[in-house]
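Hello,

Here is the structure I promised to hand over. Have a look at it first, and then read on for what turned up.

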Amino acid sequence: MGWLSLEEWQAVRLSLSVALRAVLFGLPPGILVAWLLARGRFPGRGVLDALVHLPLVMPPVVIGWLLLVTFGVRGPVGAWLNDWFGIRLVFTTGGAALATAVMSFPLIVRSVRLSLDAVDPGLEEAARTLGAGPVDRFLTITLPLMAPGVLSGAIIAFAAGLGEFGAVITFASNIPGETQTLPLAIYAATQTPGGEAMAARLAAISFAMAVAGLVLADFAGRRLRALLGRGGR
Amino acid sequence: MRHRFPGFALDAAFAAPTPGVTALFGPSGCGKSTVLAAVAGLLRPEAGRVALGGQVLLDTGRGIMLPPERRRCGVVFQDARLFPHLSVETNLRYGQRRAPPGTAGLPFAEVVDLLGIGHLLGRRPAALSGGEKQRVALGRALLSRPALLLMDEPLAALDAARKLELLPFLARLRDRLSIPMLYVTHALDEVDQLADTLVLMQQGRVLACDTLEALSARTDLSLLAGRRDAGVVLHCTVLAHAPERGLTRLGFPGGELLVPLDPAPPGMRLRVRVRARDVSVAMAAPPALSMQNVLPAIVEAVDPGAPHEALLRLRVGGAVLLSRVTLDAVRRLGLAPGQAVWAMVKSVAFSRGGEVPVAPPPPA
């Protein structure tokens, strides 16, 4: 592509890869936590709820710093990962994905939980009387019925993940080709004399991707709902 | 079983015959659906015991609480609860796939045929009418090869026409199944058509539990006797038809009844309800009367009914009839227990679902 430099393309590809990984990592625990919050009755449910929403209300830099403390090479989890598996997260693409996943986690949980609240528990009861155990019930009834929420949550989280800045730059730093995602590249470009054109191009791409994500989420949600027999035939 | 909700206490105990249809009957909020939920395992009562045949499903005293998925109770809910994301066929097969191996039950094709849902198999539940949904829900419960079928007001959400459309299916099913059924309803016509045993409930308590025929002849149960359509349920046998007179002769333990010509073949057993308001009494046999059925009877009891009304219990041979008369009539005729009167039956209400085909009597 003529109008983007190699470095710019690298940032776009890296952003897509980081956001995708963040969603893939975040989705299974996101569904689990949403289910616990919607259906579970256990002590500490309120604390879990607050914890999940923390990234929405805290400065991203603080989240990045907390990750650095926890997953840094000398942090409790980071040291353990490094010693046992040789996995180092700080200053790597994996680290950028982790930071993005943590930041977009509340978006996934909220979206999944909303759709879970809309699933009639009476249907799960009916499945029970038909002989379906808990896992069976979840996989055949609950999960398919909340699929629209899972999908739109994943797309929103992906779109938001493309733009994650504060937590990524704090935890994974700004290394071109390694952790320099779109917003970080834009930031770097604005800091470079004569980088205005590059910043504008990247910003336009950023904008287009975000809009595409929202439109896609809406469309997919609608198709899925129709497929599930709600609204229309 | 006992259970307390805020402002409501349930204390109920009854035994239901196997097989057979037991109707839990009572006004809304009397706790009948709660009993059903506890039997299905969807609600845990504070104290209680539920046993099916030899298997204990729930015994809070011994700490036994089988989860619903292992109770083998097929449940038909008032609101069908079909899975919206699955086709009708997949809905039907949902329970069948999860039925314990080695259990007997009706085959798929027969259930589909019995309920007349063959043309719906490829559709989604959203494209079904209320009656069709309930039929599919019924089929789904049946195909899970239940040991007990529970129905929670399956017709309550339907309009009168759909209800009439579904009742014959339920009756057919009742005759075809060899498992017990527990049927929750507040509609007496459903009870008449389907139930063998009646459990009468009010405010969380069981008022009475007996056969439908026995309970319908009691005058002390205001829940039944106080209704406008109160009356005795009789088992009758079709004796003969008289097409030239447009009449059918029915035999019952107290004698014979003439009713408008009925298509049921002679020998067929029918269940009819003789409403109290359709029975009047006379002190002497009336000489000429438009009513066909005038039977000698003995007054057994005179019970107060609604204001200015009395409910008479009349012994007619081996059967009992109820008659609703005014208090004024009781005074004028001096009606009292032990008195011989003539009971005049104006009409009977048929319960189509009560038909029981019987083998012809063996030659003498």
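B:Arg81 counts as buried because it has 22 C-beta neighbours inside 10 Å, where 20 or more are needed. Please keep in mind throughout that this is a predicted model. B:Arg81 sits in the loop between E7 and H2 of chain B. Its phi is positive, near 55 degrees, although the residue is not a glycine.

B:Arg72 has a positive phi too, about 60 degrees, and is likewise not a glycine. You will find B:Arg72 in the loop that links strand E6 (64-65) to E7 of chain B. B:Arg72 is classed as buried because 23 C-beta neighbours fall inside 10 Å.

**Where the chains touch**

The element E7 comes up again at the contact between the chains. Here 22 residues of chain B are in contact with 17 residues of chain A. On the chain B side, the elements that supply two or more residues are strand E7 (73-76) and helix H2 (88-98). By residue type, that side of chain B splits into 13 nonpolar, four polar and five charged.

**The largest nonpolar core**

The largest nonpolar core holds 156 residues. Those touching the most other members are A:Ala99, B:Ala23, B:Leu24, B:Leu150, B:Tyr183, B:Leu321 and B:Ala343. Helix H5 (residues 93-117) of chain A gives this core its largest share, 13 residues. In chain B, domain 1 (2-216) and domain 2 (231-356) each contribute at least three residues to the core.

Setting aside neighbours within four places in sequence, its contacts are B:Leu36, B:Val39, B:Ala40, B:Cys73, B:Gly74, B:Val75 and B:Leu182.

E4 is joined to strand E5 (residues 55-59) by four bridges, and the two run antiparallel. Within this part of the sheet, B:Val50 stands opposite B:Leu58 of E5.

**An annotation on chain A**

Finally, an unreviewed UniProt entry annotates residues 12-220 of chain A as "domain: ABC transmembrane type-1". In the model, this span is 79% helix and 0% strand, and its end C-alpha atoms lie 24 Å apart.

Best wishes

Notes. Residues are numbered from 1 along each chain as its sequence is written. Chains are lettered from A and ligands numbered from 1 in the order in which they are written. This is a predicted model: local features need pLDDT of at least 70, side-chain atom pairs count only at pLDDT 80 or more; totals for chains, interfaces and linings use all residues. A nonpolar core is a set of buried Ala, Val, Leu, Ile, Met, Phe, Trp, Tyr and Cys residues joined through C-beta atoms within 7 Å. A residue is buried if 20 or more other C-beta atoms lie within 10 Å of its own, exposed if 12 or fewer, and partly exposed in between; C-beta atoms are placed from the backbone. Domain bounds come from an automatic or database domain assignment. Two residues are in contact if their C-beta atoms, placed from the backbone, lie within 7 Å. Ala, Val, Leu, Ile, Met, Phe, Trp, Tyr, Cys and Pro count as nonpolar, Asp, Glu, Lys and Arg as charged, and the others, Gly among them, as polar. UniProt positions are given in the numbering used here, feature names are shortened, and annotations may be inferred rather than shown by experiment. Two strands pair if DSSP finds at least two bridges between them.
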